[in-house]
Amino acid sequence: MSSEFHSTLDTSPEGLRKLIERQLMFTFARDTTTATRRDWWLSSSKAALSVVIERMIATMARYQEANAKRVYYLSLEFLMGSLFSNTLHSAGIFEEMEQALRDLGLDPEKIREEEYDMGLGNGGLGRLAACFLDSMATLNLAAVGYGIHYQFGLFKQEFHNGYQIELPDVWRTFGTPWTIVRPEHTMTVELYGYVENVFDDRGNYVPKWRDAKKILGLPYDIPVPGFGTTTVNYLRLWESRASHDFDFAAFNRGGYDEAVSEKNKSETVSKVLYPNDSTESGKELRLIQQYFFVSCSLKDIIRRFLQLNHDWDTFPDKVAVQLNDTHPAIAVAELQRLLHDVHGLPWDQAWAIVTKTLAYTNHTLLPEALEKWSVGLFKKVIPRHLQIIFEINKHFLDEVEAKWPGDVQKKRALSIIEEGPVQMVRMAHLAVIGSHSVNGVAALHTQLLKKDLFPEFDELYPGKFNNKTNGITPRRWLLACNPGLSHLITEKIGHGWERDLDKLRALEPYADDPVFQERFMAIKRANKEHLARIIERECGVTVSPDALFDVQIKRLHEYKRQHLNLLHILALYRRLLQDPDLDIVPRVFIFAAKAAPGYELAKTIIKAINAVGSTINNDPRIKDKLKVVFLPNYRVSLAQRIVPAADLSEQISTAGKEASGTGNMKLALNGALTIGTLDGANVEILEEVGAENIFIFGLTVEEVTELVAKGYRPSRYYEADEELKAVVDWVGSNYFTPNEPPNVLSSLRDNLIHHDPFLVLADFRAYSDAQALVDAAYRDKARWARMAILNTARMGKFSSDRTIAEYAKDIWNVAPVY
């Protein structure tokens, strides 16, 4: 435990029981006879929060006393999942709380199931941010996360006749016990208006932002306890509010809608995660969202800095700001504006502070995923920032001219402003120019970042680009989600692995021990039985835990290639139909994923998987050798059920397209073997676990580049491979959708034959061959167990603690505060 903290609370089972009963009565106005299961969960959560808040207050006092440098992690997403179990583990009161609940006559697992995942994120970006918060607290780093307090998450997914249906994710309907509102730190954000040059009181001609509309940012804090320490940091989330809630004059004259229109418009800003940006109003809302949370956060950071410091040049010594992808990139212009316009620093001094304070993490190699906003939109929404960006760009292009005199092409490639029919602001360029560090998230990703995406920037700023391979928190992704395996590990090697994952290497000597293998695989089977019950409840499909559980759980996108998996399923199905006695290992193919509402092909892939699954699951001819299930509404709490039960982890993105991936790490840590391409962090997982303990297939990055450069023609692969041709035609036919209009799935077939931008057909045969190797390996139970154990034992590198320690040393220059 860090520092000399002494709690005033009794955290024994008896003490926690009394704390729960007190919360039940005085916070929720219930007694033990009228309390619902949800009341008990809320009361238990508040009891746990009491323990955490006491530590948080002590932590903040410690930081204040040390005037510590703080890390501020800005992210549009924080995919926190459920917090109850993790909070108990981190606070060191998990077993005591379990006993307290049992003493109250309650089932702890049933109580945990009452929690609804927080709707604050979508995919890997948000989950990484949540893992990082956990690690920063565990490593005793003074840190704050900043994001948005969304009213609705991305969406709740249901399937109607196999089609994805999006419903509101109303995670806040019944309240959450974890947030603390901080109205005293409300911030004001300016939008719209125009810029006018005026003389200031010293006779200088300066720009003034006029007639700006104001909205308020109300902060909500979520405490984030570290594991094995009393350090508790927090995540601060901003909720938009109107600066004037109610127009009383309009109400009195009968304009009831008008009276609250300002309130409704203002609160739209934090209403939904990722509003659809296919319309101009959607684009405007997205830009406002990003600016809103960045402006609130930077003003809060400056407020905190000025409490103890007065010399602006020390700002980078007290503040490190990490931009998680391009969403918060407007921070470059906003921090420059705050320092120069609001606090009166000369331009050059302000810019020096900005570039020493900010650092940027890139998460994608897909050029279309790098955000751009039109100059016209900027001028409308945040006109002063457009001026500042033009000024930053002018100074920057002077640097480019000095490096490459007269090279117009270099200026065009590097400029923040992209010229064309519509001028665009390139947010990734702004982030690179305004940051002292730009990092990729896997070794391969960083290499491609420097070579392909930003080669000129790398040449201009040698040393600015660096790698920080992603990681996951073992507290959530092993200790909390897989208690059976966690207990076995602790029994064999003792505690300590929870904070130092490299200690799992001590499991290696047990990999060939038949008794340990049997216990390891018995835990896996118990997890599969648990997941089988969830599958039956959610999908109405009965699956056998004796089958190989083949898992692909991630955002639905063409480059992640769920449709490659589908083609292999169809190939197996076809082989079985043609030879019902074919000897294959029975498999359950498990999918979970959401497709963006406007991404039609991704939604067609979901429909195709569900249609094929419905046919396979009800075909007696194949004797239950194949099952296909698509679990709806993928979220963190569901992932925590699937990950411990997986036998095979599908990491099959096109080489060079996945920045890192973290699902690959979670699954391997829990003893799933990976089938994957040499993409993202798969490359480093291969290095750690060894080639004999992973199934690698497919084109390499170099081969993908070469094939595309030569002119990739998917139809050649389609015509040359009889089985591939058959299954592509099959999935595009009406066979799996007989009671629906024709051509429901034909767009998938047409895309594969005529476009196939992510080389599914080119990799199909290699993928199918690798799956045959999986089949052979699974038959040898001792070999499979050995491989699974070694995957768990060799995942130490992929702890987010290691990642955050590297950020702290190499980018943020911060040390633990005890």
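Residues are numbered from 1 along each chain as its sequence is written, and side-chain values use heavy atoms, with hydrogens and water left out. Since the model is predicted, local features need pLDDT of at least 70 and side-chain atom pairs count only at pLDDT 80 or more, while totals for chains, interfaces and linings use all residues.

The aromatic rings come first. A pair of aromatic rings is described by the distance of the centres and the angle of the planes. Rings of Phe, Tyr and Trp (for Trp, its six-membered ring) pair if their centres lie within 6.5 Å; planes under 30 degrees apart count as stacked, over 60 as edge-to-face and the rest as tilted. By this criterion, 24 aromatic pairs are found in a search of the whole structure. One of them joins phenylalanine 454 to phenylalanine 457 in an edge-to-face arrangement, with 5.8 Å centre to centre and 80° between the planes. Both phenylalanine 454 and phenylalanine 457 are buried, where buried means under 20% relative accessible area, exposed over 50%, and partly exposed in between (1.4 Å probe, protein chains only). Tyrosine 712 and tyrosine 717 form a tilted pair, at 5.7 Å centre to centre and 50° between the planes. Tyrosine 712 counts as buried because its relative accessibility is 14%, whereas tyrosine 717, at 30%, counts as partly exposed. Elsewhere, Tyr73, Phe132, Tyr807 and Trp812 are linked by ring pairs into a cluster.

Rings also take part in contacts with charged groups. A charge sits over a ring if NZ of Lys or CZ of Arg is within 6 Å of the ring centre and within 35 degrees of the ring normal. Lysine 464 lies over the face of tyrosine 461, at 3.9 Å from the ring centre, and lysine 594 lies over the face of phenylalanine 155, at 5.1 Å from the ring centre.

The cysteines are considered next. The structure holds zero disulfides, a disulfide being a pair of cysteine sulfur atoms within 2.5 Å. For cysteine 481, the closest cysteine sulfur belongs to cysteine 131 and is 11 Å away, too far for a bond. Cysteine 481 is buried, with a relative accessible area of 9%, and cysteine 296 counts as buried at 0% relative accessibility.

Two helix residues deserve attention. Helices (H or I, at least four residues) and strands (E, at least two) are DSSP runs, numbered from the N terminus. Histidine 568 is found in helix α22, residues 562–578, and counts as buried because its relative accessibility is 1%. Not counting residues up to four places away in sequence, histidine 568 touches Phe589, Phe764, Tyr767, Ser768 and Gln771, contact meaning heavy atoms within 4.5 Å. Glutamate 267 lies in helix α8, residues 256–267. At 17% relative accessibility, glutamate 267 counts as buried, and with the sequence limit of four places again applied, glutamate 267 touches Ser240 and Arg241.

A cavity is a set of points, on a 1 Å grid over the protein atoms alone, where a 1.4 Å probe fits but cannot get out; lining residues have an atom within 4 Å of a point. Of the 14 residues that line the largest cavity, Met80, Leu83, Asn86, Asp134 and Val224 are the closest to its centre. α3 (84–91), α6 (124–138) and β9 (213–225) each supply at least two residues of this lining, with the largest share, four residues, coming from β9.

Key. On a 1 Å grid over the protein atoms alone, a cavity is a set of points where a 1.4 Å probe fits but cannot get out, and a pocket is an open set with protein on both sides within 12 Å along at least five of seven lines; lining residues have an atom within 4 Å of a point.
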